[in-house]
Amino acid sequence: INAEYMGKFSFSHSVTGTIVGNFTTEGTRPYFEGLPHNLAICLYDDITWPKFHQLLKKGSLCIERRRLANYVQFISPKHEGQALDSEEHFDVVAKIDPNTRAHYWYAVMMDCYLEEYPAHPQPVLYTMTFMNGGSHMPADETGLKEVHLILFILLVIYGRFFITYMVRQWKSAGQIHLIVIFLLFAYNFQALSIVCELMHLYVYDANGLGLRWKYSWFPADFLSEVYQAISEFFVSFLLICIAFGWTLVPHTSTTEDAHDTPPPSSFISKLTFGLSQPYHMLTRASPSTILVVLLFIVQLSLLVWGRSYHGDFNQFHDHEHWPGYIAAGLRISLNVLFWLGIASTIARTRDGTLVRFLIKFGLVGTLWFMSFPIIVFQANFLAEYNRHAVVTGSALALQSMALMMFLHMFLHRSQYYKISSLSRVGTLFQCGNSITAASKIAVD
């Protein structure tokens with residue numbers, strides 16, 4: 001191998017960029033060994049980089065690809081008084097012109113002499129430090145700290161009213177609805193996601209490493225994605241369950257009836273029954289339980305799989321890979337299930353007010369389900385240096401706004417509140433099948 005991709009970085013306009021490389025040979029023999037070498041760090045901008053890959057696919061020579069580089073820094077051995085057979089250390093420093101048009105720079109380490117003879121040099125350990133002016137924060141992350149901070153403040157403000165209303169409802173009615181508890185979980189996970197990402201961004205700005213698995217015992221960046229995925233899962237779950245009639249179409253009126261209702265016989269009927277009464281998932285296994293668990297496992301698995309693509313030279317946002325595209329497809333599939341629930345509930349009711357609400361609710365739900373696939377798709381048409389900020393910021397803002405919308409639906413005198421069982425909290429049956437197991441949680 002005569003070339004090694006080392007990383008990419010985006011620099012802001014009118015800011016002098018700096019790239020510092022530190023290299024150490026590994027093993028008992030020095031890298032150069034007195035043999036001819038042409039070790040160099042080559043930098044390519046976002047115009048020459050595609051040309052580099054075109055030559056690579058054609059089977060070109062190393063020296064041909066090196067000629068395309070916008071910047072080449074040759075590396076010579078630096079012994080610093082060490083014996084010739086000891087480890088060698090060499091450094092490189094490159095300054096990026098602040099007036100250059102390029103937004104991304106790609107670093108490749110090359111030694112074209114390795115094509116000339118059967119060489120077996122020692123492996124090289126290296127660290128590369130990219131500086132965007134005086135900051136480690138790349139240009140494609142610009143503004144994300146501010147976006148996270150603003151959304152966190154909004155979530156805290158809305159959360160305060162949320163908690164106040166819950167306490168007031170508990171005191172006046174003696175019950176809290178299960179759907180509100182699910183929303184509380186989603187809300188808290190979203191807030192935790194933003195906090196973790198803020199921690200990562202501030203540390204990244206300071207040391208260029210951040211809080212990631214390979215750099216920290218506390219992987220805040222990874223946990224942020226996990227918490228956001230859990231929050232999105234809860235939102236999807238609530239939308240689908242409401243679409244299938246949970247809190248909208250009455251099923252039973254007493255605790256005994258709720259737990260003694262014989263389940264439907266066919267698979268589709270069982271699935272519809274379970275999604276329209278999700279509290280049964282807490283007490284018995286059913287097709288709906290299996291579906292929900294599988295969806296949760298698949299969503300987290302896609303997230304972990306997607307992490308393996310971080311750092312790839314052709315990835316510019318967190319979903320620009322197969323796991324991201326599959327996740328977008330999953331959201332489209334969930335939207336189809338959501339509309340099947342809407343159609344099923346409309347077929348079971350003759351209430352014109354409820355039908356009109358379900359149609360509006362279906363449009364709002366579709367906007368949420370389809371927004372993520374649309375964002376991922378349209379990002380391919382954006383400039384590479386804008387993709388990360390647009391996709392990350394949009395996904396975060398849409399999830400936070402969806403949670404605030406749910407707060408309005410559940411905790412205010414909205415149309416949903418008036419036609420749903422939330423307006424009858426305090427008179428609904430409780431969760432549990434005995435007096436000792438019962439809790440103050442309304443479930444229907």
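A disulfide is a pair of cysteine sulfur atoms within 2.5 Å. The model is predicted.

**Exercise 1.** Determine which cysteines a disulfide joins, and describe the link.

*Solution.* 
1. Cys62 is joined to Cys112, with an S to S distance of 2.1 Å.
2. The two partners lie 50 residues apart and link distant parts of the chain: Cys62 belongs to helix α2 (residues 62-67), and Cys112 to the loop between β6 (104-111) and β7 (124-132).
3. The angle about the S-S bond is -70°, and the link of Cys62 and Cys112 is left-handed.
4. Cys62 has 0% relative accessibility and therefore counts as buried; Cys112, at 7%, also counts as buried.

**Exercise 2.** Characterise how helix α4 (residues 178-207) and helix α5 (residues 220-243) are arranged.

*Solution.* 
1. The axes of α4 and α5 come within 8 Å and cross at roughly 155°.
2. Angles over 145 degrees count as roughly antiparallel, and α4 and α5 are therefore roughly antiparallel to each other.
3. The crossing of α4 past α5 is left-handed.
4. Residues making the contact include Phe182, Phe189 and Glu197 of α4, and Tyr227, Phe234 and Leu238 of α5.
5. By class, this contact of α4 with α5 comprises 16 nonpolar, six polar and two charged residues.

Note on methods: Residues are numbered from 1 along each chain as its sequence is written. This is a predicted model: local features need pLDDT of at least 70, side-chain atom pairs count only at pLDDT 80 or more; totals for chains, interfaces and linings use all residues. Side-chain values use heavy atoms; hydrogens and water are left out. Helices (H or I, at least four residues) and strands (E, at least two) are DSSP runs, numbered from the N terminus. Buried means under 20% relative accessible area, exposed over 50%, partly exposed in between (1.4 Å probe, protein chains only). Axes are lines fitted to C-alpha atoms, for helices over the stretch in contact, and angles run from 0 to 180 degrees between N-to-C directions. Angles under 35 degrees count as roughly parallel, over 145 as roughly antiparallel, 65 to 115 as roughly perpendicular and the rest as oblique. A crossing is left-handed if the near helix is turned anticlockwise from the far one by less than a right angle, and right-handed if clockwise. Contact means heavy atoms within 4.5 Å. Ala, Val, Leu, Ile, Met, Phe, Trp, Tyr, Cys and Pro count as nonpolar, Asp, Glu, Lys and Arg as charged, and the others, Gly among them, as polar.
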